[in-house]
Amino acid sequence: MAPREIGGRPVTHVAAHPVRSVIRALGRLWLVPVTLVAWEIATRSAAQPFFPPPSAILARMHEIWFSGPAAHLLLTDKALGDFGPSLARLFGGWLAAAVLGVLIGIAIGCSSRLADYLDPLIELGRAVPPPLLVPFFLALLKLGTPAQLATIVFGVIWPILLNTVDGTRGVDRQHLETARIFGFSAAQRLRQVILPAAMPKIFAGLRLALSLALILLVIAEIFGGTGGIGYQLLYAQRSYLYPDMWGCLVMLGLLGYLLNSAFLLLERRVLAWHRGARQTN
Amino acid sequence: MNHVRVLRGVAGAAGFAAAVEAVGLSGLVDERFLPRMSTILVSAAGLIVDPEFLGDAVATLAAWALGLLLTVAVAVPAGLVLGALPAVERAVRPLIEFLRPIPSVAIIPLAILLFSDNLHLKLAVIAYASSWPVLINAIYGLKDVDPLAKETLHGFGFGPLAVLARVALPSAAPFIATGVRVASGIAIILTVSAELMAGGSEGIGIFITEAASGNRIDLMLAATLWAGLFGVLSNAVLVAAERRLFRWHHARSEAAR
Amino acid sequence: SNSETTSSSPDDDGLEKTTLVVGTIPVPDSAPLQVAIDRGFFKEEGLEVKPEVVAGGAVGVQKLLGGSIDLTLGAYIGTFLAQDKGAGKFKYVADSYGAAPGAFVIMVKKDSPIKTVADLKGKKIAVNTFQSVMQLTAEVQMKVAGVTATPDQFVEKPFPDMPAALENGQVDAAAMVEPFITVESKAGGRIITDEMTGPTEDLPVAGWFTTEDTANKYPKTMAAFQRALGKAQELVANDRKIVEETLPKYTKIDAATAAVISLGSYPTSLSETRLQRVIDLMKEYGYLKTELDAKSMILPPPAS
Amino acid sequence: MLEITELVHSYGSHRVLDGVSLSVAEGELVSVVGPSGCGKSTLLRSIAGLIRPSGGQILLGGRPVDRIPDNLAIVFQDYSRSLFPWMTAANNVALPLRRRGLDRRRRREAAMAALDQVGLADAGGKYPWEMSGGMQQRVSIARALAYRPSLLLMDEPFGSVDAQTREDLEDLVLRVCAHHGMTILLITHDIDESVYVGDRVIVLTRSPARVTADLKVDLGASRDQIATRQFDEFVRLRAEVGRLVRGGSTTATTVLEQQ
Amino acid sequence: MLEITELVHSYGSHRVLDGVSLSVAEGELVSVVGPSGCGKSTLLRSIAGLIRPSGGQILLGGRPVDRIPDNLAIVFQDYSRSLFPWMTAANNVALPLRRRGLDRRRRREAAMAALDQVGLADAGGKYPWEMSGGMQQRVSIARALAYRPSLLLMDEPFGSVDAQTREDLEDLVLRVCAHHGMTILLITHDIDESVYVGDRVIVLTRSPARVTADLKVDLGASRDQIATRQFDEFVRLRAEVGRLVRGGSTTATTVLEQQ
Ligand SMILES: Nc1ncnc2c1ncn2[C@@H]1O[C@H](COP(=O)(O)OP(=O)(O)OP(=O)(O)O)[C@@H](O)[C@H]1O
Ligand SMILES: Nc1ncnc2c1ncn2[C@@H]1O[C@H](COP(=O)(O)OP(=O)(O)OP(=O)(O)O)[C@@H](O)[C@H]1O
Ligand SMILES: [Mg+2]
Ligand SMILES: [Mg+2]
């Protein structure tokens, strides 16, 4: 109930019953095996080459990425080559979009005048398919990686931006008034009042953006360069290698799930107050 | 009031166009690859009277509108269920998080195999990609409902469903609406992408494919600009609707500024 | 016998199906279809053909299998690849486009140090689609020049993006077709080689195909389609002017460009031996795993 | 009607209610007073079934409270958060009446009547955020009264209104209680008020809360703002409650001298 | 110090303040009473520069209030919404002290001292939503006091605390006011309180608000909860204010008889 006060205890609690907490974590995943089995049955009975059964997909994934030496966590050289740079681009793009989106969003949320000026541009930008922009980022930025980063930022910034604007506009007016009365500087108002109050909504945007970044990464890799998981996917598609293609999809899904889980851990820490304040007894 | 807002919007857009034109004039980018803003605007103006393009635009807009409706019809109830029942949300979360990052470029080829009707295909792809913001915002919106407001109605003996419908939903609605606005942007992108990737007989994406065949980058950009303008218009409509529906929300927070 | 009832009474033909949705790509390859539509050849056969733009041969394959179209234009290589990987069984109904000098080339930008095909060793080459005719023929030309191509030196780029990619140094060379060859040439781009020389001279490029199921199910309809398209193909093969007039109708290539671009050939018959050449090349370069038989993938033209 | 035995509640390791026992008869109006933070609101939430207490028992009409009881209304201490900002005052009041099966028009009439009773006849069309603190508080009182619950829980319902309005509202509650046979539990910080409106006054100790005293108020059923407050019994009780709340051991007499 | 002349404010077409004039001298503690919804909070917000009044003038230290004045603190009526839920009580109190140029440790010390003064020495680590209504209100008082403003505006600051705590807080405010030379404007519904703490009591009419009376309280600088309340002057003033708030035309004598 009081995260800070009893913050120390759950840790020891978990440490005391590691088995139980693992079991509980697995218990939450019960739907996964169920889905896998259903998927296996459905694809086997349909017997369509485009929809290979998950067992075939997993076997293929193992072959491509996970049959490496134990020293590399079983990852093959190919996996390291595929994922390393891709993940770096992903995080780079997502972080840049987060910083830009939150800053611009707060500026717009605080000033309705600025909002009036920028609204049409933002809406215009939002409606432009990122793939169509890749060539122009390439034309402008020339090099591969900046152009790919630009593509990711451009694609994922919108939910962050819009949610931030919404969160900023929704800050309880009495909180703002309190801050103004006590003479908070603009920076303090931002850091101590607007950001925390808007944080729950910003986090919703960040979470949306994270998986969107994965999608944009694929698009950027498809349209902009060679290597990476997007390139794999495209190559498999072009060669009619359906298990490989599905392997890429599953890999993306797994990455997305892992990223999201990590993100939720972060969110739980940052928004501890929110969970407390918003719980119904 | 409203006039001022429109004027400011136009000023902002004009400023942007002028800036891009200036970059074009400066020779920083090769005009072959990025035509000048004025060229694009002229081409875009020409498209208004091009019956072929108008037909394409109508097809795209229709698919977009239907797709957005479908999205709302699917994602809002789903979001309410997931937001209201944490146990369900926990169970389904791995699947959702697994599906979310799968890109449309990979989905569209599979959807082509599953749908023999172009419109159905577009709708399915739109709903798939644009449901997420609505869903996530609904879940977060529901978590953000003031517990005292819920307790109030509970206290009067209303059941969980009534509390969901009468307190949680209205109080989360503005945030869900933001999700819908994010979704509408994604939906228009997905409509055009589906047309680009899966083809068809009409649509802005088809127009762009054809323009590409003749290296008419100006026409490609002009059509893209129109897609963007449709996005602006649809957003304006949604914002106006939000302002009407959620007057309480805006009035409450705007008074402080 | 069928060919005698050419006009007016489609019911006599007993066509199993009178409406065909046909996938096309807005490139010169599909000019005959447009000609046949414009001149009413299909109507004479009692057929209504609805063209639908597809983004490429691969999409055409998927749409055929998904059932949203009945026939589509597609490069031979892609279709063979699909059949080889077990995606489906396909039948070519008519030939459409073949190699001709100057229509498929590898280009570099004006001041590029690359002068000969041998210089392409290890360089990035843009192709419109992986595992396509553009890539295969590039590999062939490199082999002829004594260098080996590696798969990772190819980059997939849509044709319209290729000039920019060359300019920005994204790629060192690009395998291009018209009208982009003309565009890049105007900007000073140089042609390193024609992709269709030597072993690839006159190589068949694309044709009209459907699934085996559809071909078996609607034999009369397919025959009618073959007859109508055949007429158009004949016209086009002998008169370049017709293509020039038709191109602006279904692409955004304007008449002036259409008049100067290099076109491929429009073969008038599906030849088993010609297709077998493609298959052999694909096998030689590791594109195919199984034995494909060209004959089994051809729907013989109606006896006339 | 309401029977609470040895109720215990802790938030985490912080014990708030430490064995509270009390009972309220049908139709009775019981005031509860106690120091700030002692656990009054927690007690009220437990009765309403909004929190599950850590121990003890609450019987309502003979049955244990394990979910939210029927026919209950609450006026929350934090009234501004318990009004729905997307509804006008009239709609806020009318909403719970849906459970009463009234049609739209009747709901509206009942809502307007209740708003009238609390002196807000003109404010039915206002949104909560267009109203002053005291007006919001009165809307939430009107909402509870219009609902005609059999058990009404009020957590400092008159804290934000002026003296005159407060007296009017006290009398209103007394009238409604008598007229509709409601049972009312009223938490207040105003010692005069606790005696004036209560049939009984329950005094809680400083946190963790226990019942220190349960005083019967012998002022008859009908009360009058001026006359009643002059009764000796009133003055005596007021002093007694005051002494108990202050937790002092001073006798009633000393307190009386001080007053 | 504070000079308000003919202040007028309307929300839309609804006039709330209708020419309010009053002045407060440096170091004075002025109580404001008036019916619920008459415009007291609006008046306070205008002084704080949070709303721009439709007409009239407010001079603070000789200068018109066109933005939020320096060295001002407010205790809002809706205290629960003015605390930051993402901060503990201690941090809520400490945060404004950054402006005072104190370092982290000193801020913390000052915050703990202020919390101690309002009886919340143990609650510094609690979040607002872990506190009772009265505790939240006291945190927001502590925050204002720790800030040591030169002008302190309080909107019903003691509405949610028990009688004993209320008296303690009243004395605390009196002490702080005298000791640090603060000027205080205090809105209250408690007529006794308005007289007990005020150097002057200002009575507003029913909406739209005007100043009906501006009474000087001649009870000396030092007050005592028991002694002061027994002075005749106190009783007289209390009755007078009560009569004025009720808006009756009864004379002071009649009211006295009634009491
Ligand atoms: N934001 C607003 N929009 C419209 N009307 C408002 C707004 N805020 C206050 N009012 C109206 O102004 C009047 C005075 O409100 P105010 O809050 O100043 O009263 P108050 O004297 O503080 O009352 P209370 O003692 O009940 O808190 C009320 O009638 C209220 O309805
Ligand atoms: N959600 C919560 N989490 C942790 N502690 C809580 C919570 N709610 C209340 N408390 C603690 O329980 C105690 C009693 O709170 P409660 O709100 O019941 O007091 P109260 O008697 O209503 O006080 P007041 O008169 O000030 O409203 C307080 O010390 C408070 O800190
Ligand atoms: Mg309480
Ligand atoms: Mg007020």
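The end C-alpha atoms of residues 94–115 of chain A lie 23 Å apart, and this span is 95% helix and 0% strand, where helices (H or I, at least four residues) and strands (E, at least two) are DSSP runs numbered from the N terminus. The model is a predicted one, in which local features need pLDDT of at least 70 and side-chain atom pairs count only at pLDDT 80 or more, while totals for chains, interfaces and linings use all residues. Residues are numbered from 1 along each chain as its sequence is written, chains are lettered from A and ligands numbered from 1 in the order in which they are written, and side-chain values use heavy atoms, with hydrogens and water left out.

**Annotated spans in chains A and B**

- An unreviewed UniProt entry places the feature "transmembrane region" at residues 94–115, 135–161, 208–234 and 246–266 of chain A; UniProt positions are given in the numbering used here, feature names are shortened, and annotations may be inferred rather than shown by experiment.
- For residues 246–266 of chain A, the end C-alpha atoms lie 30 Å apart, and the span is 100% helix and 0% strand.
- In chain B, the feature "domain: ABC transmembrane type-1" is placed by UniProt (unreviewed entry) at residues 57–238; the end C-alpha atoms of this span lie 20 Å apart, with 87% helix and 0% strand.

**The site of ligand 1**

- Ligand 1 is surrounded by 20 residues, the closest being Ser132(D), Gly134(D), Lys40(E), Ser41(E) and Thr42(E), where a residue is near a molecule if one of its heavy atoms lies within 4 Å of it.
- Because the surrounding residues come from chains D and E, the site of ligand 1 is shared between chains.
- The shell around ligand 1 divides into six nonpolar, eleven polar and three charged residues; Ala, Val, Leu, Ile, Met, Phe, Trp, Tyr, Cys and Pro count as nonpolar, Asp, Glu, Lys and Arg as charged, and the others, Gly among them, as polar.
- An oxygen atom of ligand 1 lies 2.7 Å from a backbone N or O atom of Gly134(D), an oxygen atom of the ligand is 2.5 Å from an N or O atom in the side chain of Thr42(E), and a polar side-chain atom of Gln77(E) lies 2.8 Å from an oxygen atom of ligand 1.
- Of the 630 Å² of accessible area that ligand 1 has on its own, the protein covers 90%, as computed by the Shrake-Rupley method with a 1.4 Å probe.
- Two or more residues of the shell come from each of helix H5 (133–146) of chain D, strand E2 (14–24) of chain E and helix H1 (40–47) of chain E.

**The magnesium ion**

- Ser41(E) (OG) and Gln77(E) (OE1) coordinate the magnesium ion (ligand 4) at 1.9 to 2.2 Å; donors are N, O and S atoms within 2.8 Å of the metal (3.2 Å for Na, K and Ca), and sites may look incomplete since water is not among the atoms.
- Ser41(E) lies in helix H1 of chain E, whereas Gln77(E) lies in the loop between strand E6 (72–75) and helix H2 (79–82), so the pair ties together parts that are 36 residues apart in sequence.
- Gln77(E) counts as buried at 16% relative accessibility, buried meaning under 20% relative accessible area, exposed over 50%, and partly exposed in between (1.4 Å probe, protein chains only).

**Backbone geometry**

- Most residues other than glycine have a negative phi, and most peptide bonds are trans.
- The peptide bond from Glu178(C) to Pro179(C) is cis, with omega near 5°, and Pro179(C) lies in the loop between strand E8 (173–176) and helix H8 (180–186) of chain C.
- Glu6(D), in strand E1 (residues 2–11) of chain D, has a positive phi of about 50° although it is not a glycine, and this residue is partly exposed, with a relative accessible area of 45%.
- Glu156(D) also has a positive phi of about 50°; Glu156(D) is found in the loop between strand E7 (151–155) and helix H6 (163–180) of chain D and is buried, with a relative accessible area of 7%.

Methods: A polar contact is a pair of N or O atoms within 3.5 Å; within protein, one must be able to donate a hydrogen and the other to accept it, and residues adjacent in sequence count only if both atoms are side-chain atoms.
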